[in-house]
2 protein chains.
Amino acid sequence: MSFAPLQNDTFLRACLRQATDYTPLWLMRQAGRYLPEYRATRARAGSFMGLATNTDYATEVTLQPLARYALDAAILFSDILTVPDAMGLGLSFALGEGPRFAHPVRDEAAVRALAVPDMDKLRYVFDAVTAIRRALAGRVPLIGFSGSPWTLACYMVEGAGSDDYRQVKTMLYSRPDLMHHMLLINADAVAAYLNAQIEAGAQAVMIFDSWGGVLADGAFQAFSLAYTERVLAQLHRTHAGATIPRIVFTKGGGLWLEQMGALDCDVLGVDWTVNLGRARTLVGERKALQGNLDPNVLFASPEQVQQQARRVLDSFGTPHRGEGTGPTHIFNLGHGISQHTPPDHVDALVEAVHGHSRALRAA
Amino acid sequence: MSFAPLQNDTFLRACLRQATDYTPLWLMRQAGRYLPEYRATRARAGSFMGLATNTDYATEVTLQPLARYALDAAILFSDILTVPDAMGLGLSFALGEGPRFAHPVRDEAAVRALAVPDMDKLRYVFDAVTAIRRALAGRVPLIGFSGSPWTLACYMVEGAGSDDYRQVKTMLYSRPDLMHHMLLINADAVAAYLNAQIEAGAQAVMIFDSWGGVLADGAFQAFSLAYTERVLAQLHRTHAGATIPRIVFTKGGGLWLEQMGALDCDVLGVDWTVNLGRARTLVGERKALQGNLDPNVLFASPEQVQQQARRVLDSFGTPHRGEGTGPTHIFNLGHGISQHTPPDHVDALVEAVHGHSRALRAA
């Protein structure tokens, strides 16, 4: 496979802690329901999985936010739960509800029956990666992603989202052997899945540990971090001559940032509870930082959005300038953009991030 | 008012960072749905508010867990939302759902109409405090409580629980002036409410900042911590010759523990994401620490419950022994006990906490 040369490497450079002219920006869930053009495509596709499994639709919606906004990266349109779906758990999305598995993993027999799925069952994802990469034509880099082993386990055991994670934590505390077995399989599956995305054209990969933050201190390290580490150890570092940056985001993981600083990855994503200046002090000499505007800021006026965006940039401070490597920042939200976001407020955000981050470097 | 002398002051001593023979223990939501006797009383009362507003019922359910378990404190049976209810927002609890306000505070007119409620409207709470204190007959101390100004504001604006706190954060980011106005009123109302509980017989008070952890860094300090501080500044320090310890618990507030260490209170509650040893290093010379077992541990076997309880005690380490003051620990869960908890697992927990904490001191 060969692709058009990359025209905007700002995001990839920042991932690798290299100097950039401005702070690159992308938004978690940037291709999504807040965009009317997304809702139109989804209506044509009939369902969320109809959208995610169709290469043309997935390409179309991935590119939609780039047509509106000067974002510095694209991210594959897909779901974090494709891997357990390929394991046979039967993923579905009821309208207006979250994901649901027809066959949750609730007992020893179900855990023992789990295996790393045949990656051919996820071919639709890798095809989408290649199609999107071609359609991007080098405009910005494409990020591939997966849920973390622990986050997948949460959904696999609960069968759906949860308030209290009672089922999955009951298994964790009462049958840690089963939980470790499931996480081992998940980790190897996630590694194979991300490597196949890299081979298909993903230029960076991100592990979403969306539910790591619900774990107790001690349990987080043993049941989430250790398996994220196992994924990272298996990932391709380079592909087709390019370095593939690896991003890890644990929502609610701010307390464990120092321990996450030891992970073999390039970027740590942080949510809005984290002070970026403090995070930079703790891990900025080892990792690029990604984040962390509260998505709810986007409901305020465009002027207020810009003020809060400047605040986030200022809290990180002036990034590394000049040769070699040093502390860098990739602007993002602290979680996915809300479906209720007014699209023109995102214009204000992009303008503020690019403008103010250039000003910071000039100061 | 005069009450029977206190027979077990372990909890109060630990709050004030004084040595105790063992680590005292109580459980958030210890009078609750996991107990069959509670469900029976609630069925007789007809509704949650029927239970909370009836002095006899409130006394009965407050004492139920003490009849089963050797807990070291009682906590008033009530709800954190009684104050906004007294402000006229119309609190109700639909069966199987969370609280709901008939009149959420969504616009400037509604905010401007808010006022500190006449404490007479909360007389049922203060009557319950006195009745419970009498019924306890000095067995263990009674804790009074309130939601924090910010946590009350979350419910007042959202009108119910929320996944994303979109309404309240929209007001916070777009109309910070209105949010500050509401928080000021909430703080003064909470202070009056807690002082009246103290006057009615509460021997310690706790502020539940259940939703402080959803705020962004910066916003937490300005919109939650500052108003908790405003409450604390107004509270009675002593009553009827006794010191009244003040406890502050911010769920998800672990990242701000050092800043919370500067609060004018005696105890900081922490959830299960916090490492107690690290918390002790950060604030143990200024505050007692309360917490922090994941309530989901109680779904594992009694032996596993005991192992995890010992792990929490060990993570704090040996508490202060001897004269004067020093680091102390009050064992609790990191959040309310689940309604699905098997009651006999709580027996195992109490036994492990009392037994192992005596052993720790003897070592």
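The following dialogue explains how several descriptions of this predicted model are reached.

Guide: This is a predicted model, in which local features need pLDDT of at least 70, side-chain atom pairs count only at pLDDT 80 or more, and totals for chains, interfaces and linings use all residues. Residues are numbered from 1 along each chain as its sequence is written, while chains are lettered from A and ligands numbered from 1 in the order in which they are written.

Visitor: Why is B:Glu285 called exposed?

Guide: A residue is exposed if 12 or fewer other C-beta atoms, placed from the backbone, lie within 10 Å of its own, buried if 20 or more do, and partly exposed in between. B:Glu285 has 12 such atoms, so it is exposed. B:Glu285 belongs to the loop between helix 13 (276-283) and strand 10 (288-293) of chain B; helices (H or I, at least four residues) and strands (E, at least two) are DSSP runs, numbered from the N terminus.

Visitor: What makes strand 11 of chain B largely enclosed?

Guide: In strand 11 (residues 329-333) of chain B, 5 of the 5 residues are buried, so the strand is largely enclosed by the rest of the structure. B:His329, B:Phe331 and B:Leu333 point one way, and B:Ile330 and B:Asn332 the other way.

Visitor: How do you know that strand 10 and strand 11 of chain B pair?

Guide: Pairing requires that DSSP find at least two bridges between two strands. Strand 10 and strand 11 of chain B have 5 bridges, in the parallel sense. Opposite B:Ile330 of strand 11 stands B:Gln290.

Visitor: Why are helix 4 and helix 7 of chain B called oblique to each other?

Guide: Angles under 35 degrees count as roughly parallel, over 145 as roughly antiparallel, 65 to 115 as roughly perpendicular and the rest as oblique. Helix 4 (residues 55-68) and helix 7 (residues 123-136) of chain B pack at about 50°, with their axes 9 Å apart; the two helices are therefore oblique.

Visitor: Which residues of helix 4 meet helix 7 in chain B?

Guide: Contact means C-beta atoms, placed from the backbone, within 7 Å. B:Thr55, B:Ala58, B:Thr59, B:Thr62 and B:Leu63 of helix 4 meet residues of helix 7 including B:Tyr124 and B:Asp127.

Visitor: How many residues does each chain give to the contact between chain B and chain A?

Guide: Chain B gives 26 residues and chain A gives 26 residues. On the side of chain B that touches chain A, the largest share, 5 residues, comes from helix 9 of chain B.

Methods. Two residues are in contact if their C-beta atoms, placed from the backbone, lie within 7 Å. Axes are lines fitted to C-alpha atoms, for helices over the stretch in contact, and angles run from 0 to 180 degrees between N-to-C directions.
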